Amino acid sequence: MTSRPARTPTTRPRRSPVRPYETPPPSAPTSTSASAQRRDARATRARILDAARRELTRDPDSSLEDIAGAAGVARRTVYVHFACRAALVEGLAAEAAEAIQRAVAGAPAPTRDAVADLARFVLTVWPVGDRYRALIRLARGHDLARARVDELLAPARSMATRVFAHGRREGAFQTVLPPDPLGRAIEAQLLALLDCADCGLWSDDGTGAATATLIAAGVAPDTAATKVDQVRKSGSPPSPV
């Protein structure tokens, strides 16, 4: 009899013990899915702010529940983006501040005609004020601090003061008031007109507001109306909002 060759023992890989009810850890999100989630979050936040602007324009006392319903989201979704009503109002104010900055930055360069420059300035910023006029009543009701309002309006105030100073040097504007107080007085007039629009007492595309601003600055009414019409015909400024 022949003897069989001895077998070389093989080592089998050890299996990890399977633990009951154990599920594999979730895989990390890919960069593509994370980017899509961020886009969705930004879109939802923008939709909430747009609904807040509309609802607070309609009723300054609108609740977060009202705004959530107008945005088509659950109230808890609003809280994901804004911890409270004050945070939502601040989000709206920040959006308005960006729109004002874009309007001022996109305004045409000053010309030798300060009257036309002032008309063009009002026609440029009026759509921003009209869109965010709910903030006027929110500021009056102390939902928005006065210091925050001053911060929002600072870029427009600086530009208006330069235009008024130029017009005074040309002899086109009144000299009873210095440029800065004159600018504040006309700013108050424009805010009052926006408040009238908010209350349904007046409707304007900026033409009437620009004409009234020129008259308040010391321009004769007929000249003011003609100048605003000329600026309109030369091309309306693009909407900054």
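This is a predicted model: local features need pLDDT of at least 70, side-chain atom pairs count only at pLDDT 80 or more; totals for chains, interfaces and linings use all residues.
Biologist: What share of the 241 residues counts as buried?

Modeller: A residue is buried if its relative accessible area is under 20%. For the 241 residues of this protein, the share that passes is 38%.

Biologist: And what share of the contacts with a separation of 6 or more comes from residues 24 or more positions apart?

Modeller: Contact here means heavy atoms within 4.5 Å. Among the contacts in the protein with a separation of 6 or more, residues 24 or more positions apart account for 70%.

Biologist: Now a pair of helices: are H8 and H9 roughly parallel or roughly antiparallel to each other?

Modeller: Two packed helices are described by the angle between their axes and the distance between the axes. Helix H8 covers residues 179-198 and helix H9 covers residues 207-217; their axes are 10 Å apart, and the angle is about 150°. Angles over 145 degrees count as roughly antiparallel. H8 and H9 are therefore roughly antiparallel.

Biologist: How do the residues of the contact of H8 with H9 divide into nonpolar, polar and charged?

Modeller: H8 brings Leu 182, Ile 186, Gln 189, Leu 190 and Leu 193 to the contact, while H9 brings Ala 209, Ala 212, Thr 213, Ala 216 and Ala 217. Sorted by kind, the residues of this contact are eight nonpolar, two polar and no charged.

Biologist: Staying with H9, which elements are among those that cover its buried residues?

Modeller: The buried residues of H9 are Ala 209, Ala 210, Thr 211, Thr 213, Leu 214 and Ala 217. Their cover includes H5, H7, H8 and helix H10 (221-233).

Biologist: Which residues does Thr 211 touch, not counting residues up to four places away in sequence?

Modeller: Thr 211 lies in helix H9. With a relative accessible area of 15%, Thr 211 is buried. Leaving out residues up to four places away in sequence, Thr 211 touches Ala 224, Ala 225 and Val 228.

Biologist: Which residue with a positive phi follows H9?

Modeller: The phi of this residue is near 115°. The residue that follows H9 is Gly 218.

Biologist: On to the rings: how far apart in sequence are the parts that the pair of Trp 126 and Trp 202 ties together?

Modeller: These two rings form an edge-to-face aromatic pair, 6.0 Å centre to centre with 80° between the planes. Trp 126 is buried at 4% relative accessible area, whereas Trp 202 counts as partly exposed at 29%. Trp 126 lies in helix H5 (residues 114-131) and Trp 202 in the loop between H8 and H9, so the parts tied together are 76 residues apart.

Biologist: And Phe 164 with Phe 173: is that pair stacked or edge-to-face?

Modeller: Phe 164 is buried, with a relative accessible area of 1%, and Phe 173 is buried too, at 4%. Their ring centres are 5.9 Å apart and their planes stand at 70°. Planes over 60 degrees apart count as edge-to-face, so the pair of Phe 164 and Phe 173 is edge-to-face.

Conventions
Residues are numbered from 1 along each chain as its sequence is written. Side-chain values use heavy atoms; hydrogens and water are left out. Axes are lines fitted to C-alpha atoms, for helices over the stretch in contact, and angles run from 0 to 180 degrees between N-to-C directions. Helices (H or I, at least four residues) and strands (E, at least two) are DSSP runs, numbered from the N terminus. Angles under 35 degrees count as roughly parallel, over 145 as roughly antiparallel, 65 to 115 as roughly perpendicular and the rest as oblique. Ala, Val, Leu, Ile, Met, Phe, Trp, Tyr, Cys and Pro count as nonpolar, Asp, Glu, Lys and Arg as charged, and the others, Gly among them, as polar. Rings of Phe, Tyr and Trp (its six-membered ring) pair if their centres lie within 6.5 Å; planes under 30 degrees apart count as stacked, over 60 as edge-to-face and the rest as tilted. Buried means under 20% relative accessible area, exposed over 50%, partly exposed in between (1.4 Å probe, protein chains only).
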